[in-house]
Amino acid sequence: MKHLAKWGLAAPAMVAVVLFLVVPVVITIAATFMEPKGIFSPYVAFFNSGFRRTVLYRTIEIALITTVISLFVGFIAAYVIAQMPGRAKSVMIIAAVFPLLTGVVVRSFAWLIILGKNGILNTMLLSVGVISEPLSMLYSEGSVIVAMVYLFVPLMILTLVGVLEGIPQDLIQASTSLGATPAATFRQVILPLATPGLIVGAVLVFTGSFTSYATPQLLGGEKQMTMGTFLYQRAMVTFDWVGASTIAAIMVVVTIGIVLIMSRIARRLNPMAV
Amino acid sequence: MMIQRVHPLLIAFTVCVFFFLLAPLVIIIGSAFSDTSYLTFPPQGLTLRWFWNIFEIEAFRTTAVTSFELAFLGTGLSLLMGIPAAYAISRYRLELPSWLSTLFILPILVPEIVFGFSLMKSITIGLDLPIFASLLIGHALLVLPYSVRVVSASLASFDFSIEEAAISLGCPPVKTFMTVVLPNIRAGVIAAFILAFITSINDVSVSVFLTGPGISTLPIQILAHMEQFFDPTIASVSVLLMLVTVGVMAIVEATLGLTFLTK
């Protein structure tokens, strides 16, 4: 009876995940190994093409830069928020959550208005006289990165505020009362204790930006294709399903690989777990 | 808690971060009211006509309805599957294998765009399912991790001995769940619903593969409209979507307090 209950209750969700997620994704990836031209032929084709390699490297580069900037910006903001008194803290958290709950399309669209040829930034720079002709900022790697950072900083802040609040104040007081300078306290107490949170944040941002679709589509276009937009283009524009499946498989390997490696590192680095 | 002195430079930096986070949204709101046929900020003259324009474009009306239907039904389905699963995971923690909880976060772990593509190949094409059904399955699965994890989190602090007391006093299991367990995890269920709903209504990566002739969702329609016209209609749709967000946040603040988001 109990046996039935524990599995029976989990069954609908289990069946749904296996049937509609695990099986389709496994079939998609498996299909890339069943090509008549040889078992790894789609991957050989992928890595032999300069263009496809460029797309992969570009995506990794964008994701890495986005992660580093988001870590830096998010950590400082989260640190300040965590030190704020109650009321100010809630206001700041609400302000950080609001963009997060506003959709990706809306938030990427904002950067089209800002960075466009007749956009706000160009208008401002022209009127100040810094430039004499509007710059073309859209459809560049930089515009994709700015929009991605914009997308992920709130997520980073939320992840890190919780972590930084969880650091026992006694430890910080002990450190200060023993004569450590604020910088030393930061380096030797706060940073090590925040590291697992920083890793979680980094993984979320890296995998999120590595696999994103809407933002590179809007701000990078054809010129700055990333793995996400490339997958869409292969599948829905050129109907090259083998090519699309190969991209899908590479994306899965990279994201799950990053998650596994980083969670192992996080476990090893966690100073709170004895 | 003792408040540490925060270096003024750090505070200045944080002010800049918040400016960076909020200014683009202000720009969208401003340009939605502009009396020009192209997007511009600050707005040139003020008008509401772009808001009326949304309702005159049939594609926006129908896709908005589809998006809300999908978000309600998909989130509902995910809760129907997710609450019992979360209950099983928390109640029989030691008797169920640990891979079970990993299974339920797979929809987050697998890249959305890969999920959408694979689902399109297998069910829209393979099983020849109607478009709305495919979208519904996609959205329900996409948000399932929120249902399972957020509800499990609130069950973690639930004392199952209360439930056993009710059952040993003769209350049937289902009634026990409804009258004893559910009220105790209400906050978790609301939180799960809200996170799932917002995720569903804003989704692009999964929907972009599953939409088809005649049926699309609002974010996909916005993308399509943007590629053809670059007028303030998009800004005003965005403003309406932000209002939905404000409404949702007001509900969260009234029921749970927004601090639950950082826990």
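**Notes on a predicted two-chain helical model**

1. Let's begin with chain B: from the N terminus on, its elements run α-α-α-α-α-α-α-α-α-α-α-α. That is 12 helices and 0 strands. Helices (H or I, at least four residues) and strands (E, at least two) are DSSP runs, numbered from the N terminus. Taken along the principal axes, the C-alpha atoms of chain B fill a box of roughly 70 × 60 × 30 Å.

2. A word on the ground rules. This is a predicted model, where local features need pLDDT of at least 70 and side-chain atom pairs count only at pLDDT 80 or more, while totals for chains, interfaces and linings use all residues. Residues are numbered from 1 along each chain as its sequence is written, chains are lettered from A and ligands numbered from 1 in the order in which they are written, and side-chain values use heavy atoms, with hydrogens and water left out.

3. Now chain A. Its secondary structure comes to 12 helices and 0 strands, and reading along the sequence gives α-α-α-α-α-α-α-α-α-α-α-α. The C-alpha trace of chain A spans about 75 × 70 × 35 Å along its principal axes.

4. Have a look at where the chains meet. Chain A brings 80 residues to the contact and chain B brings 77 residues; contact means heavy atoms within 4.5 Å. Together the two chains bury about 7300 Å², with 84% of it on carbon and sulfur atoms. Buried area here is the accessible area (1.4 Å probe) that two parts lose on being put together, summed over both.

5. What about charges and polar groups across that interface? Between chain A and chain B the count is 1 salt bridge, that is, a side-chain nitrogen of Lys or Arg within 4 Å of a carboxyl oxygen of Asp or Glu. It joins the side chains of B:Glu95 and A:Lys6, at 3.7 Å from N to O.

6. On the side of chain A that touches chain B, helix α1 (residues 2-31) of chain A gives the most, with 18 residues. That side divides into 65 nonpolar, 12 polar and 3 charged residues. For the sorting, Ala, Val, Leu, Ile, Met, Phe, Trp, Tyr, Cys and Pro count as nonpolar, Asp, Glu, Lys and Arg as charged, and the others, Gly among them, as polar.

7. Over all chains, the search finds 6 salt bridges. One to click on is A:Glu165 with A:Lys89, whose closest N and O atoms are 2.5 Å apart. This pair links distant parts of the chain: A:Glu165 sits in helix α7 (residues 141-165) and A:Lys89 in helix α4 (residues 86-101) of chain A, 76 residues apart.

8. Next, the second largest pocket, which holds about 600 Å³ of space. Its lining has 20 residues, and A:Leu9, B:Tyr87, B:Pro173, B:Val174 and B:Phe177 lie nearest its centre. The elements giving two or more residues to this lining are α1 of chain A together with α3 (58-91), α7 (160-168) and α8 (173-184) of chain B. The largest share, 7 residues, comes from α3(B). By type, the lining divides into 15 nonpolar, 1 polar and 4 charged residues.

9. How are such spaces found? On a 1 Å grid over the protein atoms alone, a cavity is a set of points where a 1.4 Å probe fits but cannot get out, and a pocket is an open set with protein on both sides within 12 Å along at least five of seven lines; lining residues have an atom within 4 Å of a point. Grid points are joined across faces, edges and corners, and a volume is the space filled by probe spheres set on the points.
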